[in-house]
Amino acid sequence: MINRDKIDYVSEIKRLKKKKNVIILAHYYQTGDIQDIADFVGDSLALSQKAASNDADIILFAGVRFMAETAKILSPEKKVLLPDMNAGCSLADSCKPEDFKKFLEENPGRTVITYVNTNVDIKVLSDIICTSSNAIQIIESLPSEEKIIFAPDRNLGNYILSKTGRDIIVWNGSCHVHEEFSLEAILKLKEEFPDAKIIVHPECELPVRMVADFIGSTASLLQFTKKDNASTYIVGTEPGIIHQMKKANPLKNYIPAPPRDSTCGCSECSFMKLITMEKIYRCIRDERPEIMIDADIIIKASKPIIRMMEISEKLGL
Ligand code: SF4
């Protein structure tokens, strides 16, 4: 029997990574130890770009399932591993293919733009994929008269609608993490730290967005704290990102925005946190669980993702 206490996961993962030519891609919402062992840490857009261009034989994705699926679609010749197949996403699951197909039939003639946080069967039904880093720019790159469907996040969709003024019908889905933040608790913190800036993700609800000093994707929030001159931030997104904020500016103070229920810890994404160092070690060692997608689905799902990447490249994103 393996004595887990005796395994030095950091050195074992490094050894296996080198031996098997594995690249570890980690999302900002992973724990600090996983971000530190990764070859590349980023948000969904940057991770997709990295998944499409690397020399590894195996991609190990420290994130959730739709992200690993996107990596597989972009690098079908590579083995893509996800340390825990239960790492799903409440937002992706709020958009079921049978319901979405019906929604598209009820609203014909619109360009279907879906957020990358969708399962592969929704990507197949989409014209262009976007992330929170490029959603506004992608929509603005389309002719102004183009009618759009945006799915699945209603908060991001309504935020984009308010920013672009385009004709957009928004699917009614949401992320349980970003809808958990308590406006009341955020305002209380602001009273305690009057100089703090409130920075939030566009997946947060409107009342929370309304009190924010800055709204942006996870990568933009990080960039903002790097360039901005405040010393304290109330951070309205999954607190995993604070690891990178602290690394970039250790002397600043980052306070996670509190959830409505102060006892639940539910501003952390429980799906993201299913990935652990032990599971990463086992996954590289055993080369499973592996993401498998049918070749014809890969071809169909790659089209809207490639369109996103081409537009992003053209816009220098
Ligand atoms: S934070 Fe929300 S959108 Fe991101 S993976 Fe978790 S449930 Fe999905």
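A quick word on ground rules: residues are numbered from 1 along each chain as its sequence is written, and side-chain values use heavy atoms, with hydrogens and water left out. Because the model is predicted, local features need pLDDT of at least 70 and side-chain atom pairs count only at pLDDT 80 or more, while totals for chains, interfaces and linings use all residues.

**Overall fold**

The protein chain has 15 helices and twelve strands, taken as DSSP runs numbered from the N terminus (helices are H or I with at least four residues, strands are E with at least two). Its C-alpha trace spans about 60 × 55 × 35 Å along the principal axes. The radius of gyration is 20 Å, which agrees with the value near 20 Å for a compact globule of 317 residues; that rule is 2.2 Å times the number of residues to the power 0.38, over C-alpha atoms. Of the 317 residues, 55% are buried, where buried means under 20% relative accessible area, exposed over 50% and partly exposed in between (1.4 Å probe, protein chains only). Take contacts (heavy atoms within 4.5 Å) between residues at least 6 apart in sequence: 64% of them join residues at least 24 apart.

**Around the ligand**

Which residues surround the ligand? They are Tyr29, Val64, Cys89, Ser90, Leu91, Asn117, Cys175, His176, Val177, Glu203, Cys269 and Met272, using a cut-off of one heavy atom within 4 Å. By class, this shell has eight nonpolar, three polar and one charged residues. Here Ala, Val, Leu, Ile, Met, Phe, Trp, Tyr, Cys and Pro count as nonpolar, Asp, Glu, Lys and Arg as charged, and the others, Gly among them, as polar.

Most residues other than glycine have a negative phi, and most peptide bonds are trans.

| Spot | Value | Loop |
|---|---|---|
| Alanine 151 to proline 152, cis | omega near -5 degrees | Proline 152: between E7 (148–151) and H9 (154–164) |
| Arginine 288 to proline 289, cis | omega about 5 degrees | Proline 289: between H14 (277–286) and H15 (295–314) |
| Asparagine 21, positive phi | about 50 degrees | between H1 (9–20) and E1 (22–27) |
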